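Subject: Handover of a structure

Dear colleague,

I am passing on the structure below, and after it you will find notes on what turned up. Please read them with the structure open beside you.

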Amino acid sequence: MTSKLLCAAFILAALTLSITFSLQPDQQKVLLVSFDGFRWDYLYRVPTPHFHYVMKYGVHVKQVTNIFITKTYPNHYTLVTGLFAENHGIVANDMFDPILNKSFSLDTMNIYDSEFWEEATPIWITNQKAGHTSGAAMWPGTDVKIHESFPTHYMLYNESVSFEERVAKIIEWFTSKEPINLGLLYWEDPDDMGHHLGPDSPLMGPVISDIDNKLGYLIQMLKKANLWNTLNLIITSDHGMTQCSEERVIELDQYLDKEHYLLIDQSPVAAILPKEGKFDEVYEALAHAHPNMTVYKKEEIPERWHYKYNTRVQPIIAVADEGWYILQNKSEGLMLGNHGYDNALAEMHPIFLAHGPAFRKNFTKAAMNATDLYPLLCHLLGIPALPHNGSLSSVQDLLRPTAPRTVTHTQSPPPHHDTYCPVKYQQVFT
Ligand SMILES: [Zn+2]
């Protein structure tokens, strides 16, 4: 089939789905919550009664495959765009774009440059273009101007703002005279403590209990505001965490002259930009340097990672085996927990739970992809989905069956689909 035919088939399929499964207007509120670094099995490490309460009266997906690299910014942008990193452009927490000749770094909070975000359009913008309003409490990217827009309501990122304050804002926006239909809420833990302690530490137990208490607080506040039964609450995360050790460190200085390359991003996926004329030398020095590090020329990066077709992916990447650390040298220090590894590894996988009028009760599903959340969100909000790498039909069984009904605003495809159907998206149509 030609790409045009594939596009047409996709549009038809999307239209059929949106017509058959559109929801009543009172079911179209969504609150998306991310607890950063909440690994899938933390649910069972200590008693987590509030998470289990959501599972009992809602849905739970046991295995969520997130995207490579399994880092915070790439995965949070996937959750709100449905795109792989190579398609949405946030390929790492630390990036260099050779065309823009600009760097992006989470370490220095130098992330407010719009151009890094504009290879995609996040859901809050599409929601607002459809005539709705959105509110964001610290979700990564929501305080950045993207395509000339911010969320209708948002908080400037400040990690010292308490969870309770963030929840208060979300409740205020959902209950105002012109209520939002989409809320996004972000919390930094258990990621911070997971890095610090390592996920295997017994001290992670209290950290997980604290997150469960925070969820309990959110549920309590939603009930108090009469939102618990009318709003669709989705609780997820960006990635998991694995245990690291000072015994599992790979030092690039042992193999490479640091004058020959720039290290754009470090562990566990080292993004390496060789200086002019030094590509072969750098690659040869690294290729077989260490048994726990796999080195790829950009064009050799495995297709399954969807991590090749973007200028921000550097000419060479070196990927550490699980639990191994790549550093320039040991003077840099390491964290006892880390993530970013192969997204096929269970330890990298996050959680997914949901509760609300659109969702089934006490339903467990085996697996989904993180990219599937975006079409699900668009469906719940009744807004057109932009081209994405997910599949609504893959997650439709999470939803209660509803009587078919026709909704006028989803009958014409978004103009984007007619004109913009690049080859890189074809994988979602086949
Ligand atoms: Zn994270």
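Helix α3 (residues 72-81) and helix α10 (residues 373-381) have axes that come within 6 Å and cross at roughly 40°, so α3 is oblique to α10. Oblique is what remains once angles under 35 degrees (roughly parallel), over 145 (roughly antiparallel) and 65 to 115 (roughly perpendicular) are set aside. On the α3 side the contact (heavy atoms within 4.5 Å) is made by L79, V80 and T81, and on the α10 side by L373, Y374 and L377; by class, five of these residues are nonpolar, one is polar and none is charged.

This is a predicted model, in which local features need pLDDT of at least 70 and side-chain atom pairs count only at pLDDT 80 or more, while totals for chains, interfaces and linings use all residues. Residues are numbered from 1 along each chain as its sequence is written, and side-chain values use heavy atoms, with hydrogens and water left out.

Helix α3 is mostly covered, with 10 of its 10 residues buried (under 20% relative accessible area, with a 1.4 Å probe and protein chains only). Just after α3, G82 takes a positive phi of about 75°.

The lining has 36 residues, of which N93, L106, D107, H195 and M335 lie nearest the centre of the pocket, and they divide into 15 nonpolar, 10 polar and 11 charged.

With best wishes

Definitions and conventions
Axes are lines fitted to C-alpha atoms, for helices over the stretch in contact, and angles run from 0 to 180 degrees between N-to-C directions. Helices (H or I, at least four residues) and strands (E, at least two) are DSSP runs, numbered from the N terminus. Ala, Val, Leu, Ile, Met, Phe, Trp, Tyr, Cys and Pro count as nonpolar, Asp, Glu, Lys and Arg as charged, and the others, Gly among them, as polar. Buried means under 20% relative accessible area, exposed over 50%, partly exposed in between (1.4 Å probe, protein chains only). On a 1 Å grid over the protein atoms alone, a cavity is a set of points where a 1.4 Å probe fits but cannot get out, and a pocket is an open set with protein on both sides within 12 Å along at least five of seven lines; lining residues have an atom within 4 Å of a point.
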